[in-house]
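Please look over the sequence and the model below before reading the briefing. The notes that follow are meant for someone meeting this structure for the first time.

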Amino acid sequence: MLSIKNLHASIEGTPILRGINLEVKAGEVHAIMGPNGSGKSTLASVLAGREEYEVTEGEVIFQGKELLELSPEDRAREGVFLAFQYPIEIPGVSTTNFLRTALNQVREYRGLEPLDAVKFLSLMKEKMALVEIDQKLLSRSLNEGFSGGEKKRNEIFQMAMLEPVLSILDETDSGLDIDALRIVSNGVNKLKSEKTATIVVTHYQRLLDYIVPDFVHVLYKGRIVKSGTKELALELEEKGYDWIKEEVDSTATV
Amino acid sequence: MSKDNQILEDLNSKEYEHGWSVEFETDEAPLGLNEDIIRWISTKKEEPSWLLDWRLKAFKIWQSMSEPEWANVNYPKMDLQALRYYSAPKQSKKPKNINEVDPELIAIYERLGISLNEQKRLQGIAIDVVLDSVSVATTFKETLGKLGIIFCSFSEAVKEHPELIQKYLGSVVPMTDNYYAALNSAVFSDGSFCYIPKGVRCPMELSTYFRINAANTGQFERTLIVADDSSYVSYLEGCTAPQRDENQLHAAVVEIYAGTHAEVKYSTVQNWFPGDKEGKGGIYNFVTKRGICAGDHSKISWTQVETGSAVTWKYPSCILKGDYSIGEFYSVAVTNNYQQADTGTKMIHIGKNTKSRIVSKGISAGKSQNSYRGQVQVMKRAHNARNFSQCDSLLMGNQCGAHTFPYIDIANPSAKVEHEATTSKIGEDQIFYCNQRGIATEDAVALIVNGYAKEVLNQLPMEFAVEAQKLLALTLEGSVG
């Protein structure tokens, strides 16, 4: 589904990603872990098409298409969803209104009729139950005055509504208490299918207790330096990142 | 919700969509401005002599005045002698009702999306349409007449209800008020008049639609709304003009009188031609709008959405004379390209326990300049006056300007006046967030701007709110990215 080859990206001339290679197949969950500043969030942003990052080398193929050639909105319409680490506030625009605009633009791109108000509402009801979100929250201004947990839950609700092919969760666990973490993870798990894939970007192992990955990759200094299964995450939890840093830094100096 | 989407789908046309004009035979005054022209207009309109005298007096006063220069706008002065002060479509005879109006004129309005056919019109809005200098049609007159409501063109009101006109004309905006009000008083050609009798709640929205068609013609209309004690009316005003290279002048006067316990809601969606992308052409919109809350417990509420005009100079105001009277001003002013707007309000607290509320949302894009200018004045005997003002500015890009000029003048120590102001930019973060959900950039801007202006748009009657949202989006097209 997703094939990242030798991806290099920089911001204001500073290289952040320095040769990422990653294959993600339908039905899989990949966790991207790594110490702060290793490039995890940059990878998520580059895949979503954030303009501040300049791709200097490499290619990304998503469902047979050159992802990097597409505008951010077309990537979304092709089925790439990014759950933001810091969801953005849009005053005066309700989640409902926002999503209706989004969903119908996505549908138009895919050659589908726009959903009328009745169908949209019933779809909303269905997805609300899935992520245990209150309708009151959805009629308030998007993310404005939301608690950390409400913001993240809202992100997962949007994901449920837009039914992406590839979901990228950028530090979705940050700022969540244990109950919120459980609810958000449940939502993500219910949305998983054989046709979709998930990339979970996280610093801590605890999210992976709930969203169990098929593969774990450790990002360090802009490269994937170690890949394994969920046991790797447990090992990291126990030993921290220093041993990996040492391993990489020593081979680099040889 | 479906409306919002409709709006977003309607965003395809890129240019000012009402920029066309139509050729038809007109009755025109010769170019220029002098006493003879004023007599010519007055004769043409078969006016009584008291009105001619009133005009001539205003003309004398105007001649002694000079153009105001304090506003934060810059434009080449207009040669007022090169303008035409009267232009009207030729009609073989005066239409008695809508069925007798020239079909060609009706077609113009159909093209603007305004049906004059009462059956076809949405329930609940009566409309008076003004083309260049004259009112061409008023709908639902008979329905309203049964309630004693008078809604007709200004010229007709002069003939049919001279006692009301004589009593109220110039009572809120005197001819001496300012340069453009004096000019309007001398040369005004038509407009709408509305009278709501005691205790009557007007069952439908009343509305005037202004259209400038002719070239080199100034439009000087006058609107007078009188709401007698314990009455209520909601009034809408809309306008468009053809796209022309030269600047055109629109200098209107609106007067509102509200008696005891009366309430008037006045909404405007202003969409005069703003000039092209290089700043060529466009309407100079120099307008005086003022209402007086004459009776106790009366209320006047102004809502305006300003998207058009090359230069706007406009301060819909409230004189809060009655005790416990309330004045409100809700405004969204959008400027793009080379547009300039200097707009705001005046709230004059005279009565005791008077309240006013000001919510102004400025949006500047391109190379435009957008100023809020507002005055809150609390007179000596206005005990317990309250004002709340909120002035927000939204900037798009880095070549535009937003300015706020609040004046506060308090002569009574019991007054409580609050002023809040914010300036923000549409964040790239916000746009990217929308993009990431599949929303194209232009639609994202429309969504964000409409959210920002929501508090004001919510004040508009439904049909107008939809129109206003569309206009906001259209005005800002191409201003990001």
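The briefing below goes from the chain as a whole to single elements and then to one residue.

This is a predicted model, in which local features need pLDDT of at least 70, side-chain atom pairs count only at pLDDT 80 or more, and totals for chains, interfaces and linings use all residues. Residues are numbered from 1 along each chain as its sequence is written, while chains are lettered from A and ligands numbered from 1 in the order in which they are written.

**Chain A overall**

- Chain A has ten helices and twelve strands, where helices (H or I, at least four residues) and strands (E, at least two) are DSSP runs numbered from the N terminus.
- The radius of gyration of chain A, taken over C-alpha atoms, is 18 Å, close to the 18 Å that the globule rule (2.2 Å times the number of residues to the power 0.38) gives for 254 residues, so chain A is as compact as a globular protein of that length.
- Taken along the principal axes, the C-alpha atoms of chain A fill a box of roughly 65 × 40 × 35 Å.
- Of the 254 residues of chain A, 44% count as buried; a residue is buried if 20 or more other C-beta atoms lie within 10 Å of its own, exposed if 12 or fewer, and partly exposed in between, with C-beta atoms placed from the backbone.
- Among the contacts in chain A with a separation of 6 or more, 71% are between residues 24 or more positions apart, a contact being two residues whose C-beta atoms, placed from the backbone, lie within 7 Å.

**The nonpolar core**

- The largest nonpolar core holds 188 residues, of which A:Ile168, B:Ala258 and B:Val264 touch the most other members; such a core is a set of buried Ala, Val, Leu, Ile, Met, Phe, Trp, Tyr and Cys residues joined through C-beta atoms within 7 Å.
- Leaving aside neighbours within four places in sequence, B:Val264 is in contact with residues including B:Ile225, B:Val233, B:Tyr235, B:Ala258 and B:Ile300.

**Where the chains meet**

- The contact draws 26 residues from chain A and 21 residues from chain B.
- On the side of chain A that touches chain B, α2, β7, α3 (95-109) and α6 (148-162) each supply at least two residues, and α3(A) gives the largest share, eight residues.
- By class, this side of chain A has 15 nonpolar, six polar and five charged residues, with Ala, Val, Leu, Ile, Met, Phe, Trp, Tyr, Cys and Pro counted as nonpolar, Asp, Glu, Lys and Arg as charged, and the others, Gly among them, as polar.
- Helix α9 (residues 428-436) of chain B is mostly covered, with seven of its nine residues buried, among them B:Ile431, B:Phe432 and B:Tyr433.
- The buried residues of α9(B) pack against α1 (40-48), α2 (72-78), β6 (80-83) and β7 (90-94) of chain A, together with α10 (441-452) of chain B.
- After α9(B) comes B:Gly438, whose phi is positive, near 100 degrees.

**Covered strands and a covered helix**

- Five of the five residues of strand β10 (residues 197-201) of chain A are buried, so β10(A) is largely enclosed by the rest of the structure; A:Ala197, A:Ile199 and A:Val201 lie on one side, and A:Thr198 and A:Val200 on the other.
- Strand β3 (residues 29-33) of chain A runs parallel to β10(A) and is joined to it by four bridges, with A:Ala31 opposite A:Val200; strands pair if DSSP finds at least two bridges between them.
- Strand β9 (residues 166-170) of chain A also pairs with β10(A) in the parallel sense, over five bridges, and the bridge partner of A:Leu169 in β10(A) is A:Val200.
- From β9(A) the chain crosses through helix α7 (residues 178-191) of chain A to β10(A) in a right-handed β-α-β crossover, meaning that, with the strands pointing away from the viewer, the path from the first strand over the helix to the second runs clockwise.
- Strand β20 (residues 369-378) of chain B has eight of its ten residues buried, and it pairs in the parallel sense over ten bridges with strand β18 (residues 340-349) of chain B and over ten bridges with strand β22 (residues 401-410) of chain B.
- Eight of the nine residues of helix α8 (residues 179-187) of chain B are buried, so α8(B) is largely enclosed by the rest of the structure.

**A partly exposed residue**

- A:Glu247 has its place in helix α10 (residues 242-253) of chain A and, with 13 C-beta neighbours inside 10 Å, counts as partly exposed.
- The C-alpha atoms of A:Glu247 and A:Val225, 22 residues apart along the chain, are separated by 9.4 Å.
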